[in-house]
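Please keep the sequence and the 3D view at hand while reading.

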Amino acid sequence: MTYLIGADWPEEPAGLRFRNLLSGPRILALPGAHNGMAALQAKTAGFSALYLSGAAMTASMGLPDLGMITVDEVAFFIRQIVRASGLPLLVDGDTGYGEALNVMHMVRSFEEAGAAAVHLEDQLLPKKCGHLNDKRLADPHDMAAKVAAAARARRHLYIIARTDAAAAEGMEGAVARARLYVEAGADAIFPEALTTRAMFEEFSRRMPGVPLLANMTEFGRTPFFTADEFAAMGYRMVIWPVSSLRVANKAQAELYAALAREGSTQSMLPRMQTRAELYETIGLADYEALDASIVRTVLPKAADTP
């Protein structure tokens, strides 16, 4: 069933399950899931772990990705995705929502909500999507302090440090920052917005033995590569952060346009998930069976008093 309860819930902490997946022979493919339904559909397609993008999350709320949302708002999304799918979830932690103590609060909150991993970035607020211009970078030692705080606060959470330095400081700056972040306690590195195969290969070559994450976002600075191509370049993880939201948003826009134009949704029926498909995905029959299996509480009769 979809909603994991009691004995159905994985006993091993999510962070350890994420680490185990990384030890497998293939690159860990992490499709973005911006809500519980997307998580279920990704799981049905065969994925073993998921990614929660800050850009997709805020866009689904009708907001830009500028670091405006709170730890509690992100935790709400974490809970619904993990509760729906039971899969290990890598979460976008933006800049950590403040300084070292704020980062520690974020780590504890995300881990308690069910996250398996988080990545922190070395931008200053107001932060931007990594593929936009004029990003402002934090001092590398300040970022290293945040990484150290995250590592100190976690129980099992996998910590990934993201650097946006390639655009402003070149490969030398990005690699120097990455090495500092690993020394501070990062488990892996996420070099954001690399623009050529040669850059991906050079970064990997200069960070031997460190697990690396690649971002395969659409409409950005990175050319299209497949998961296997990233693996061949030395990367252990790849995310497609906003793809599910882009497709869903495009479909919704077309629906509303058709409804406004035609006064009916009939022409859109072939593009809709049917009622039967919806119920199958969310496991309605399993919920009904679970409900029927629960014995109704019967209060004991009070003993007769003398």
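## The nonpolar cores

Phe-230 is in contact with Ile-27, Phe-200, Ala-214, Met-216, Phe-225, Tyr-235 and Val-238, leaving aside its neighbours within four places in sequence. Contact here means heavy atoms within 4.5 Å. Phe-230 also belongs to the largest nonpolar core, which has 61 residues; those with the most contacts inside it are Ile-78, Phe-110, Phe-203, Phe-230 and Tyr-235. Apart from this core lies another of 17 residues, including Phe-18, Leu-28, Ala-49 and Phe-190.

A nonpolar core is a set of buried Ala, Val, Leu, Ile, Met, Phe, Trp, Tyr and Cys residues joined through side-chain atoms within 4.5 Å. Buried means under 20% relative accessible area, exposed over 50%, and partly exposed in between, with a 1.4 Å probe and protein chains only.

## Basis of the model and overall form

The model is predicted: local features need pLDDT of at least 70 and side-chain atom pairs count only at pLDDT 80 or more, while totals for chains, interfaces and linings use all residues. Residues are numbered from 1 along each chain as its sequence is written, and side-chain values use heavy atoms, with hydrogens and water left out.

The protein has 12 helices and 8 strands. Helices (H or I, at least four residues) and strands (E, at least two) are DSSP runs, numbered from the N terminus. Of the 306 residues in the protein, 46% are buried. The C-alpha trace spans about 80 × 65 × 40 Å along its principal axes. Among contacts between residues at least 6 apart in sequence, 71% join residues at least 24 apart.

## The five-stranded sheet

An open sheet is formed by 5 strands in the order S2-S3-S4-S5-S6, with parallel pairing. Its edge strands are S2 (50-52) and S6, each of which pairs on one side only. From one strand to the next, the twist averages 25 degrees. Two strands pair if DSSP finds at least two bridges between them. In general, strands of a sheet pair through backbone hydrogen bonds, either parallel or antiparallel.

Strand S3 (residues 89-92) is joined to S4 by 3 bridges, and the two run parallel. In S4, Ala-117 is the bridge partner of Leu-90. S3, helix H5 (residues 100-113) and S4 make a right-handed β-α-β unit. Right-handed means that, with the strands pointing away from the viewer, the path from the first strand over the helix to the second runs clockwise.

## Strands S4 and S5

S4 is largely enclosed by the rest of the structure, because 5 of its 5 residues are buried. Ala-117, His-119 and Glu-121 point one way from S4, Val-118 and Leu-120 point the other way, and all are buried. Between strand S4 (residues 117-121) and S5 there are 5 bridges, and these strands run parallel. Across this pairing, His-119 stands opposite Ile-160, and Glu-121 stands opposite Arg-162.

Strand S5 (residues 158-163) is likewise mostly covered, with 6 of its 6 residues buried. Tyr-158, Ile-160 and Arg-162 point one way from S5, whereas Ile-159, Ala-161 and Thr-163 point the other way. S5 is joined by 4 bridges to strand S6 (residues 188-191), to which it runs parallel. Ala-161 stands opposite Ile-189 in S6. The chain crosses from S5 through helix H7 (residues 166-184) to S6, and this β-α-β crossover is right-handed.

## The three-stranded sheet

A further open sheet has 3 strands in the order S1-S8-S7, and the pairing is parallel. Strand S1 (28-31) and S7 are its edge strands, each pairing on one side only. The twist averages 20 degrees from one strand to the next. Helix H1 (residues 14-22) packs on this sheet, touching S1 and S8, and its direction makes about 125 degrees with that of S1. Axes are lines fitted to C-alpha atoms, for helices over the stretch in contact, and angles run from 0 to 180 degrees between N-to-C directions.

S7 pairs with strand S8 (residues 237-240) in the parallel sense over 3 bridges. In S8, Ile-239 is the bridge partner of Asn-215.

## The loop at Thr-222

Thr-222 lies in the loop between strand S7 (213-215) and helix H9 (227-232). Thr-222 is buried, with a relative accessible area of 6%. Its side chain reaches the backbone oxygen of Leu-194 at 2.8 Å. A polar contact is a pair of N or O atoms within 3.5 Å; within protein, one must be able to donate a hydrogen and the other to accept it, and residues adjacent in sequence count only if both atoms are side-chain atoms.
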